[in-house]
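Please read the following note beside the sequence and the three-dimensional view, taking the numbered points one at a time.

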Amino acid sequence: MATAALHERLTLQIPLPSPRLAKIAADVLDVDKDLKPEVSRRLISTQDNMLILDFQTSTLKLLRTVVNSSLEMVQMVVSTMASFDTESEEP
Amino acid sequence: MIALGLEGSANKLGVGLIRHDMSTSPPTVTILANIRHTYHPPPGEGFLPKDTAQHHRSHILQLVKEAMAEGQITPKDISVICFTKGPGMGGPLTSVATVARTLALMWNKELVGVNHCVGHIEMGRQITGAENPVVLYVSGGNTQVIAYAEKRYRIFGEALDIAVGNCLDRFARVLNLPNDPAPGYNIEQLAKKGTKLLDLPYTVKGMDVSFSGVLTYIETNAPALLASGEYTAADLCFSLQETVFAMLVETTERAMAHIGSREVLIVGGVGCNKRLQEMMDQMASQRDGKVFATDERFCIDNGIMIAQAGILAYQTGYTTPLEKTWCTQRFRTDEVFVAWRE
């Protein structure tokens, strides 16, 4: 089977308040694997307090879909952190 | 030991906090909080995955805050975080699991992924005290006849196509009944006013049941029957309930006869239905048996059942490593190793 070339690319760099939180966000998001890696891939990494999402897809439509759904989950992670992070409360 | 339970496999979002006081034998179980927020689409519509997931994301943090306030619990009090791994709708499940994972990593807690069906069973057992019943699990998404044997909840029979609750919910759309509080509830109320029984397809295949035929029949014929004035909407609701519930009673009885049980435990949202409970009771009494059911706090999807099933597994040393906390739409009840029972 011929693999589609993943021409469409997008990289998001999302700053989190700390490297610890960036690492947590990356670990949480990375549990959900790509549904169809042959046409849509997402690579998650961190750099200091930056959460980096690298998207590679075969079509623009797929890129929009995966970026949208990823951002929904990033938003969920970030709001959860904002509401419930206990480390920032420690003196 | 305190567990936080998060549930969101369908349109109900539930958060529960449960305490197991391990100083007694068996442990003393206390419900610290059990709150729920339901997504209701407009009448005539069903709930779609994307909207449902968005509903859950919008309400979950508030629900977790309220639950912890009600239970007077802080993060350090929590022993384990439990969440629904499956079965159910993908987007909604993952939205909730994402919160569970984030909390677990921030607070440094273990995670337990729970099977939704096992959650219903364990909460039913806990609330009713039923010892070893045949379990009828009936909801919008599931219809199974279950019995426990050798560390597994074995599926004796099930719906081959759609769940009984799905059949009822989709008929409610044809009648344009409100989805608030639940389409099935509104069918139940309307059915009480029904007097005329319409002959409907009745499909039991051994231990299994099928509802797509009766649904197609009633969906197709309802407009003409209502227009003719021969049957009212109440009569149709009444007829549909009598038919599908009789099918469930038949297969439950077959399971009882097979394993020699005299107890029936009804769990799942459709288990709230008083007519179903009444019909099951008539059958069970004839066999010198008893029916156990819970009220809407525990029948309808909730977070406390996830906390309960999760904490039982956790007490046997079971946890779900982070990389395995993905969700799955298909998760058979008998896939779970029930280590906490003899």
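**Note on the annotated sites of chain B**

1. Tyr137(B) lies in strand β6 of chain B, where helices (H or I, at least four residues) and strands (E, at least two) are DSSP runs numbered from the N terminus. This is a predicted model, in which local features need pLDDT of at least 70 and side-chain atom pairs count only at pLDDT 80 or more, while totals for chains, interfaces and linings use all residues. Residues are numbered from 1 along each chain as its sequence is written, chains are lettered from A and ligands numbered from 1 in the order in which they are written, and side-chain values use heavy atoms, with hydrogens and water left out.

2. With a relative accessible area of 0%, Tyr137(B) is buried (buried means under 20% relative accessible area, exposed over 50%, and partly exposed in between, using a 1.4 Å probe and protein chains only). Not counting residues up to four places away in sequence, Tyr137(B) touches several residues, among them His116(B), His120(B) and Gly268(B), a contact being heavy atoms within 4.5 Å. The side chains of Tyr137(B) and His116(B) are also joined by a polar contact of 3.4 Å (a pair of N or O atoms within 3.5 Å; within protein, one must be able to donate a hydrogen and the other to accept it, and residues adjacent in sequence count only if both atoms are side-chain atoms).

3. An unreviewed UniProt entry places the feature "binding site" at His116(B), His120(B), Tyr137(B) and Asp301(B). They are spread over 186 residues of sequence, yet they cluster in space, with a largest C-alpha distance of 11.8 Å. UniProt positions are given in the numbering used here, feature names are shortened, and annotations may be inferred rather than shown by experiment.

4. Asp301(B) sits in the loop between α9 (296–299) and α10 (303–315) of chain B, and counts as buried because its relative accessibility is 7%. Its contacts, not counting residues up to four places away in sequence, include His116(B) and His120(B).

5. The unreviewed entry in UniProt also lists under "binding site" a set of residues including Tyr137(B), Gly140(B), Asp169(B) and Glu188(B). Gly140(B) is in the loop between β6 (134–138) and β7 (143–149) of chain B, and counts as partly exposed because its relative accessibility is 36%. Beyond four places away in sequence, Gly140(B) touches Ala163(B), Gly165(B), Asn166(B) and Asp169(B).

6. Glu188(B) belongs to helix α5 (residues 183–191) of chain B, and is buried, with a relative accessible area of 8%.
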